[in-house]
Amino acid sequence: MAATSAFLLRAVVLELGGGYTRCGFAGEATPTRTLASPAALRAAPPAAAAEERLERELHPFLRDLFLDSLLVTPTEVPVVLCESALWPSHLRHAVLSVLLRRLRVPGVACVPAEAAASLMLLPPPPHPPAAQLLAAPPPPMASAAEGHLLVVDVGYTRCRVLPVHHRQPLLHAARDVPVGLRDVHVTLRQLVLETAAAAPLPADETTAGTVWEDIAARCCFVPPAEAPAEAATVAYPFRGETLSVSGFARAHAYDALFEVAPDAPCLPRAVLDCILACPIDARVALAHNVGVIGGGSFVRGLSWRLLQELRAESTRRGEATRALAAHFDLAPSRGVPGSFAGWAGASAYAQAVDALLTPKGGLVTAAALDAEDSAQPEEEAASCT
């Protein structure tokens, strides 16, 4: 057991996000480095046909991450991959292929990011003494929301919603919305161009994405839904000149996440659909504990605006959801920023569970990946016959 624990402390925890990649070591509270993700991950989710191109782009990125950022040799450390539970299978396969076949890591343990974030956002379960458990029946739950969490991941390319019921993720109720911070940057660009058409703008696409992302993070906010947004115009320095960002653009850039057009995907509608797909006895508890994670969690006013939109959307839906409007509330803060709550949960889990980084504990090795690839054509041929 001592050898296993020593081996476990050297594990690398890796979270590949649409906008940024976080990496560090198991047992640490914060990531060692946060890097911009490769262009293949920052773009739209790659199709299955582009898996080889994705592997070619991920290989140098992950190699430099191990050697330059973490100063470790990939062949000597296992990897805890903090992945979304709703990741496409071809994207997961491409990442595993690069880690196991090209970088030759000893093994990869996959941990769902949303479930890992719940470890950081939910209070620890009570542990009464053994004598008390044997002498008396189990005490009632102190709160109806204990062990329940509605994880809302506001990412770069999309938003994902996953309910946690009695500390267990309900994958059948998860929702994935193709709207994210990238759409916020597009909206911000359009609003700025309407008032500053002659302003200096970045020509290449890479620089443009970085500039609009920086403006959205530094200058923009999310006002309440009904209150008038009064904000001053700010001057953003760019290439020796200034780019004027109006108060209207600052206050309405994040409206892209809350569009309420009948056919347009939006975050509040996805959250409410997720709750309605859960067991009826868990809906109130989930609505009472909404935890916002991901890159959008740091945006000022976004969490409270989401609650307002959820209350309005539940009222519009009718009698079936109107009772939920009074129960929406944010989960209590546990001192962990939502932007890397998933990574921190995976780090804590990897350190606490000794059996995680073993083949019986779910460790994926190169041999297991080869066996899975060889079995897939046989399954497809059998299904066709």
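Let's start with the overall build: the protein chain holds 15 helices and 13 strands. Keep in mind as you look around that this is a predicted model. Of the 385 residues in the chain, 48% are buried. The accessible surface of the chain amounts to about 18300 Å², and carbon and sulfur atoms supply 57% of that area.

Is Phe66 buried or exposed? Its relative accessibility is 0%, and buried means under 20%, so Phe66 counts as buried. Who are its partners? Leaving aside residues up to four places away in sequence, Phe66 touches Val12, Leu71, Val72, Pro74, Val77, Val79, Leu99, Leu103 and Val105. Take Val12 from that list: Val12 and Phe66 are 54 residues apart along the chain, yet their C-alpha atoms are separated by 8.9 Å.

Now let's move on to a pair of helices. Two packed helices are described by the distance between their axes and the angle between them. Helix α10 covers residues 267-276 and helix α12 covers residues 302-317; their axes come within 9 Å and cross at roughly 65 degrees. This crossing is right-handed. On the α10 side, the contact is made by Leu267, Pro268, Arg269, Val271, Leu272, Asp273 and Leu276, while α12 brings Leu306, Glu309, Leu310, Glu313, Ser314 and Arg317. Sorted by class, the residues of this contact are 7 nonpolar, 1 polar and 5 charged.

Technical notes
Residues are numbered from 1 along each chain as its sequence is written. This is a predicted model: local features need pLDDT of at least 70, side-chain atom pairs count only at pLDDT 80 or more; totals for chains, interfaces and linings use all residues. Side-chain values use heavy atoms; hydrogens and water are left out. Axes are lines fitted to C-alpha atoms, for helices over the stretch in contact, and angles run from 0 to 180 degrees between N-to-C directions. Helices (H or I, at least four residues) and strands (E, at least two) are DSSP runs, numbered from the N terminus. A crossing is left-handed if the near helix is turned anticlockwise from the far one by less than a right angle, and right-handed if clockwise. Contact means heavy atoms within 4.5 Å. Ala, Val, Leu, Ile, Met, Phe, Trp, Tyr, Cys and Pro count as nonpolar, Asp, Glu, Lys and Arg as charged, and the others, Gly among them, as polar. Buried means under 20% relative accessible area, exposed over 50%, partly exposed in between (1.4 Å probe, protein chains only). Accessible areas come from the Shrake-Rupley method with a 1.4 Å probe; for residues, only the protein chains shown count as cover.
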